[in-house]
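Thanks for asking me to take a look. Here are my notes, in numbered points, for you to follow alongside the model.

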Amino acid sequence: MRIGVFVCHCGTNIAGTVDSRGIAARAAELKDVVHTEDLIYTCSEPGQSAIQKAIIEKGLTRVVVAACSPHMHEVTFRRTVEGAGLNPYLFEMANIREHCSWIHDDYGLATEKAYEILKMSVAKVRQLEALVPNEVPVNKDVLVIGGGVAGIQTALDLADAGLKVTIVERETTIGGTMARLDKTFPTIDCSACILTPRMVDAAQHENIEIMAYCEVDKVQGYVGNFTVDIRKKAAMVDWVKCIGCEICVQKCPAKAPDVFNVGLAETKAIYIPFPQAVPKRAAIQVEHCRWFQQGKCKVCERVCPADAIDFEQQDEYVQKEFGAIVMATGLDVFPWENHYHEYGSGNIPDVISGLQYERMLNASGPTSGHVVRPSTQGIKGQEPEEPKTVVFIQCVGSRDESVGRPYCSSVCCMYTAKQAILTKSHVGMDTEVYVFYIDIRATGKGYEEFVKRAQTEFNVKYVRGRVSKLYEDVIDGSRKVIVRGVDTLLGKQVEVAADLVVLASGITSAEGAIPLAQKLNISYDEWGFFKESHPKLRPVETNTAGVFLAGACQSPKDIPTAVAQASGTAAKVLGLLSRDKLKTSPQIAIVEQNRCVSCWKCVEVCPFSAPQKQEQRDGTFKSHIIETVCQGCGICVATCPVNCITLKGFTTDAIIDQIEELLLA
Amino acid sequence: MSDRQAKIRELAAAALAEDRVDYFIGWKQGINPSEAIPAFVRSADEVDQLIWNPLSHHNLTTFLKRKMPDPPNARIGVCVKGCDSRTLVALLQEELVDKERIYVVGVPCDGVIDRRRVEKEFADEVVDISFSGDVVTATTRCGDSKEFAKGDMTFDHCNTCRYPNPVYADDMAADPVPEPEDRTPMWGSIEEFEALSPAEKDAKLADAFETCIRCFACIHACPVCVCWDQCVNRCRRPALVGQRVDTKENLMFQMVHMFHVAGRCPSCGACDRACPVEIPLYLLHRKMNKELYDMLGFEPGVSLEEKPAFQTFKLDDPFGEH
């Protein structure tokens, strides 16, 4: 065995605290080490060439690089040694940067520690064996979970490139949050006008299948070969027959809260969320339906011209195979009512959320685009009143640690500016419009100019400060919402008697995001946003190979960012699926079956269901790990009481040798 | 007591006569009448050797895990006390025993006698122990005889027992004995151990484990220790536990055992009773049980629907708080 040791300076990252040259020289005394060298930047082209040169000239059979974290450059150096003809798994990395130089400042002690880390790696590399990756065929179909603008964009990009895409959407229509918006900033173009053609494109694309009113039930398998169970929720309407004529909706006698319009209006127990819905199909909300709740009615069945109503319909399950999965589950509006008791907890009718106001501004919304005070709606013989003074409050559920939301929702400054402008154009330029803000964040293209227009052209009064309290009062015989806040620029208290208050409610993760993340084995943060593999270099990948992210499920995003990311995600998926076969890591677990005692603890603990009970010739059962399913996490290895499972590349012998090297020296 | 014995014989005889089991495991009198030993009864006319008295301490479920595969399809009847039933449940939770192939006779238990404690009261060998109500009468080879209150001679485990009635049985040998209303475990000597300083704990463990001769009686007696001949303690490559018999290696061996049965061991005490050099193994096992209870509220072998604590993962598990 001929081991080569290469110690990196990493500029001064390592050499500033560790004597890289010194430990390289000392390593020459270690058993089997025939070559040592210190390099300024080992990962650079000259550094990698030096390793390859030494392998060839000195006939090295094992290589140790003492440098940064294997997370950073293990793959790089594996490729380097492979380039010089050595098996890439006969390479070991000693982390003397993150584990040593960066966290210590005593030069002498840090150098000693770095040498010990290096010695352990040399001990381990002696035990390594050549490993050869396996190849598995790749399924080229893609699952997109969520049919908002991000999901639609990814699906269209992938479908245009020739891949078959399935969009699973849990609502009865695709469109997501964008379908509920009125106009979009900073161009004030109609949200539906730009989105609905895309929805139709997706529906008509020969490579896209839209599975609306469906949810992902179970995910098994691994990159290139996922098996997904999808639950088709019972709509109580046969969607093959339904023609979306809406006669049932018109005739249905049972009212139900209108979720699409954020509770500003009522819909029927049988409903189609909005006129441009794709697919345009009706569904019955069982909890509001008279037939299901009281056992009589069936009006919809009588009036349906297509005979599509089916009260007996049950949930159905379908199983599909995919090579990659894109998460595009979007967002929910922060439930401010549960947190902001000083804003009335949702009990003041003239205090509404930004999304509610969005619906109110919309021509197809519950007020047909008329801005009105909700407190004056629905009173007999009286027209709803237009507000004369409108107050916007920003950062409700964003940048507020008192409600556990320290992050910026990134879209509220802009949508507030847009809504302020639209208020002036809908109600009149003489409307008093105030915006209470902390900072204005307008970093996108044309955004700052847009906010400036709101302030100058539209004379929206921006007040820098938080609102401490909202309460109702009657002033001169009319009902007002008193907005009590502070103007921190003037350093004084302000009080505004408003007719309507719009809260720029922040963004939170979509309901159900966390259980879904658990089904897919992907990470998420404390608010339920999915975590990317690397914030800068792998922003659309997750840590589970083959699962990608698009849109606001990752973090709050506006439409341009979500769409741009969705196309980026599509590119990554295409890159993955451009190959016919995928190499799987050979660093996986293997069972020594003659020592297995069939206690099934490995079966129980494996997060990927890789160990299976395999029948032996004598009729007994032993554990068997399916190579392609195993991700090499090592939980089974640690769990196996008889130690009969080995993780290739991390054998017990190698680890014991490492420890002994440290303790016995 | 004798009515439980009679009922055990009756149930065993019926199961054997009706060919519901191939053999029945219970207790019988040993060669020395002062002790009980496990009995394997293969026909209905042999059931009269079965006994039940406070000497019937063996946890017979250990034979299930060992006998189960050999013969492979044997149907086995077995007697269980409260604590034994919990080890059986632990085995069933992991499918290490086939529920369809066992017939379980549950015996409500009032506590079993620590024979060693009795022996320590005499200089001579105890050759007979008899019972009358709560009075234990022991007689030595020389004919010395003393009477003791039964409560003074029962195992520590029995004194803190919270499950005197079997939690799982097909038939019961008697009506359940009164159970404690509060099932909160009592830890007794473990709390004393925990109060020691690290140095004192070290000393106590070193003292306790110094005498281990690695006879492996403990792991053979243990029903939930299931690795048979593949035990890592005897594995030479990799040598996780050293061959050398000294305090550290002994402790390592027992620590490995403790972790392997953690979440599955209800501390029935079979290992303690099997140890020929009287190592207080409960120190390890009950301590682990206390940790599991304090951290997760988990008690091993109580419910068939549960999985052993170390084989489940819940998001709200208090990870790292201890």
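**Notes on the model**

1. Let me start with a pair of helices: H12(A) passes H13(A) in a left-handed crossing, where left-handed means that the near helix is turned anticlockwise from the far one by less than a right angle. H12 of chain A covers residues 412-427 and H13 of chain A residues 447-456; the two pack at an angle of about 35°, with axes 9 Å apart. Axes are lines fitted to C-alpha atoms over the stretch in contact, and angles run from 0 to 180 degrees between N-to-C directions. Helices (H or I, at least four residues) and strands (E, at least two) are DSSP runs, numbered from the N terminus.

2. H12(A) brings Met414(A), Ala417(A), Ala420(A) and Ile421(A) to this contact, and H13(A) brings Tyr447(A), Phe450(A), Val451(A) and Ala454(A). Contact means C-beta atoms, placed from the backbone, within 7 Å. By class, the contact has eight nonpolar residues, no polar and no charged ones. Nonpolar covers Ala, Val, Leu, Ile, Met, Phe, Trp, Tyr, Cys and Pro; charged covers Asp, Glu, Lys and Arg; the others, Gly among them, are polar.

3. A word on provenance: this is a predicted model, in which local features need pLDDT of at least 70 and side-chain atom pairs count only at pLDDT 80 or more, while totals for chains, interfaces and linings use all residues. Residues are numbered from 1 along each chain as its sequence is written, and chains are lettered from A and ligands numbered from 1 in the order in which they are written.

4. Chain A as a whole has 18 helices and 34 strands, and its C-alpha trace spans about 95 × 70 × 40 Å along the principal axes. Of its 665 residues, 46% are buried (20 or more other C-beta atoms within 10 Å of the residue's own, all placed from the backbone).

5. The domain bounds, from an automatic or database assignment, divide chain A into domain 1 (3-133), domain 2 (134-232 + 315-330 + 514-582), domain 3 (234-313), domain 4 (333-508) and domain 5 (589-647). The centres of domain 2 and domain 3 of chain A, taken over C-alpha atoms, are 28 Å apart. Their contact takes 16 residues from domain 2 and 11 residues from domain 3. On the domain 2 side, H7(A) gives the most, with five residues.

6. Finally, the chain pair: 15 residues of chain B are in contact with 14 residues of chain A. The chain B side divides into nine nonpolar, three polar and three charged residues.

Technical notes
Contact = placed C-beta atoms within 7 Å. Buried ≥ 20, exposed ≤ 12 C-beta atoms within 10 Å, placed from the backbone.
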